[in-house]
Amino acid sequence: MRITHVLSAAALMFGLAVTPAAADASPSPSASGDGSAPTTAGTSFRTAAEIEQGQQATASASTGDYLYWSFPADAGRRPTVKATVKLPDAHAAQTWQIDVYDGLRRRQSCQYGAQTRTAAQGAASVDLACTLRTVRSWSEEWANDPLPGTYYVRLTAVNLATADLGQPITASVQVDSKDIGGSAAVDGSLAKPLVPGIAVTSKSEAGDGDSSKAAVLSSVEPGDGWASGWWSDRWVWTAVGAVLAALAGIGGYALTRGSGRPSRLPPGA
């Protein structure tokens with residue numbers, strides 16, 4: 001009977017622990033319906049057009065241009081960048097490439113996806129994709145792990161024929177993320193996300209009183225704030241492991257303690 005009560009209590013604890021995890025596993029934000037997605041792209045890291053995850057940004061440009069966008073990515077997320085380039089009616093074979101850089105402007109490798117593709121002569125468009133590694137909340141200084149902060153997307157054509165330079169093209173870019181959860185959690189976190197202006201702002205806040213050194217931080221951040229993913233399913237499995245260990249101890253005690261003093265023994269024996 002006592003074991004039944006313990007099992008009931010354990011089931012209740014497990015249910016309470018799983019509920020927050022289910023609520024946290026929400027999909028990435030959808031594209032905004034207010035038309036706020038940018039319709040231009042930057043030409044360098046400093047002028048990159050800021051986009052939110054789920055938005056589809058567009059830009060009109062010319063072949064040979066470098067197009068830049070930036071987006072925020074928080075810990076525990078695995079971003080996927082997709083780009084489509086609509087090509088002119090007449091053109092030679094063109095190779096297009098999409099590169100993603102983190103807040104320290106380190107080029108990040110793609111886990112999978114067609115990061116570089118060649119459009120055949122006369123093709124109407126070319127599609128590119130890059131799925132990054134999961135963003136970590138902390139990393140060793142020598143590592144190249146993706147960290148929370150602003151990420152930059154660069155789209156350009158490589159090895160262009162001279163006759164194709166300057167032809168008009170239209171590009172669209174969209175970024176979505178998948179919540180990986182506790183399997184990618186690490187013990188540690190950054191003091192600040194890696195966003196533009198963070199170093200200068202920190203220096204200004206040090207107390208020198210020179211407001212001219214203050215820099216404007218990136219205006220785009222995750223919808224629920226930076227480092228919002230402190231909860232992960234690691235908490236759930238830790239709680240489940242503790243409950244199972246307690247149940248194993250109680251069960252072992254119940255099986256080994258016996259039924260008490262044998263009735264055949266005389267008192268005082």
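S62 has P168, in strand β11, as its bridge partner. Please bear in mind that this is a predicted model. The bridge belongs to the pairing of β2 with β11, two strands that run antiparallel and are joined by seven bridges.

Where does this pairing sit in the wider arrangement? Five strands make up an open sheet, ordered β2-β11-β4-β9-β7, with antiparallel pairing. At its edges are β2, residues 56-62, and β7, residues 110-112, each of which pairs on one side only. On average, neighbouring strands of the sheet are turned by 30° against each other, with direction ignored.

Let us now turn to β4, which spans residues 77-86. Ten bridges connect β4 with β11, residues 168-179, and the two run antiparallel. Within that pairing, A83 stands opposite V173 of β11. β4 also pairs with β9, residues 125-132, through seven bridges, again in the antiparallel sense. There, K86 is found opposite S125 of β9.

I move next to the aromatic rings. How many aromatic pairs does the structure hold? There are four. For F45 and Y152, the ring centres lie 5.3 Å apart and the planes meet at 85°, so this pair is edge-to-face. The two residues come from distant parts of the chain, 107 residues apart: F45 lies in the loop between α1 and β1, whereas Y152 belongs to strand β10, residues 149-158. Are F45 and Y152 buried or exposed? Both F45 and Y152 are buried. Ring pairs also join F45, Y68, Y101 and Y152 into a cluster.

In soluble globular proteins, nonpolar side chains tend to be buried together. The largest nonpolar core here comprises 32 residues, and the members touching the most others are W69, F71, V81, W96, I98, L155 and I169. At least two residues of this core come from each of β2, β3, β4, β5, β9, β10 and β11. Another core, of five residues, lies apart from it and includes F45, A48, Y68 and Y152.

Thank you for your attention.

Conventions
Residues are numbered from 1 along each chain as its sequence is written. This is a predicted model: local features need pLDDT of at least 70, side-chain atom pairs count only at pLDDT 80 or more; totals for chains, interfaces and linings use all residues. Side-chain values use heavy atoms; hydrogens and water are left out. Two strands pair if DSSP finds at least two bridges between them. Helices (H or I, at least four residues) and strands (E, at least two) are DSSP runs, numbered from the N terminus. Rings of Phe, Tyr and Trp (its six-membered ring) pair if their centres lie within 6.5 Å; planes under 30 degrees apart count as stacked, over 60 as edge-to-face and the rest as tilted. Buried means under 20% relative accessible area, exposed over 50%, partly exposed in between (1.4 Å probe, protein chains only). Axes are lines fitted to C-alpha atoms, for helices over the stretch in contact, and angles run from 0 to 180 degrees between N-to-C directions. A nonpolar core is a set of buried Ala, Val, Leu, Ile, Met, Phe, Trp, Tyr and Cys residues joined through side-chain atoms within 4.5 Å.
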